[in-house]
Amino acid sequence: MVRLQTDPFLSELTNMFERTTEHGSVWVTLKHSSDKSKVQRNKMNTAGENIEFKCLIRATDGKKNISTMVGAKDHQRFQASYAILLKARLTALKKRERKDKRKAADSDKKTENPKKKSAAPKAST
């Protein structure tokens, strides 16, 4: 797995999306990580040092794996760039079919409360 800086990671992720436009998938995972081993974290905790947690982001298309670490300082900028990339590249998703709200409400009422007609007419007094 190749660990890249954030900007090269985004450009390589764009290339992955372009390669898989016709067929294939890209998997992106995000994980809370400190980039330190458990032993190092325990030593830092006993010494009273603060541990800086980062976000480990991995992407693969089944052939190539890339990853990056994003700290709290760069998180907002990275998230904005990542959102723009996803909006531009996720064009193959199907639009969800939505029912008209009135029609959906009417059809729900009909299925919940079916009216029963009585065989005998009501007698008035």
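Predicted model: local features only at pLDDT ≥ 70, side-chain atom pairs only at ≥ 80, totals over all residues.

Before counting ring pairs, I noted the rule that rings of Phe, Tyr and Trp pair if their centres lie within 6.5 Å, with planes under 30 degrees apart called stacked, over 60 edge-to-face and the rest tilted.

**Entry 1: the rings.** I looked up the aromatic pairs and found that the structure holds two of them. In one, Phe9 and Phe78 sit 6.2 Å apart, centre to centre, and with 40° between the planes the pair is tilted. Phe9 belongs to helix α1 (residues 6-19) and Phe78 to helix α3, so this pair ties together parts that are 69 residues apart in sequence. The other pair joins Phe78 and Tyr82, and I listed this one as stacked, with 6.0 Å centre to centre and 10° between the planes. Phe78 and Tyr82 both lie in helix α3, four residues apart, which is about one turn of the helix. Through these ring pairs, Phe9, Phe78 and Tyr82 are linked into a cluster.

**Entry 2: Arg77.** I then turned to Arg77, which is found in helix α3 (residues 75-89). With 42% relative accessibility, Arg77 counts as partly exposed. Leaving aside residues up to four places away in sequence, Arg77 touches Thr6 and Asp7. Arg77 and Thr6 are 71 residues apart in sequence, yet 9.8 Å separate them in space, C-alpha to C-alpha.

**Entry 3: a pocket.** Next I looked up the second largest pocket, which holds about 160 Å³ of space. Its lining includes Thr6, along with Arg3, Glu52 and Asp74 among others. By type, the lining residues divide into three nonpolar, four polar and five charged.

**Entry 4: the whole chain.** Last, I recorded four helices and four strands, which follow the pattern β-α-β-α-β-β-α-α along the sequence. Of the 125 residues in the chain, 22% are buried. Among contacts between residues at least 6 apart in sequence, 64% join residues at least 24 apart. The accessible surface comes to about 10,800 Å², and 51% of this belongs to carbon and sulfur atoms.

Notes
Residues numbered from 1 in each chain as written. Heavy atoms only, no water. Helix = DSSP H or I, 4+ residues; strand = E, 2+ residues; numbered from the N terminus. Buried < 20%, exposed > 50% of the residue type's maximum accessible area, 1.4 Å probe, protein only. Contact = heavy atoms within 4.5 Å. Areas by Shrake-Rupley, 256 points an atom, 1.4 Å probe, with all protein chains shown as cover. 1 Å grid on protein atoms, 1.4 Å probe; cavity = no way out; pocket = protein on both sides within 12 Å on 5 of 7 lines; lining within 4 Å. Points joined across faces, edges and corners; volume = space filled by probe spheres on them. Nonpolar A, V, L, I, M, F, W, Y, C, P; charged D, E, K, R; others polar.
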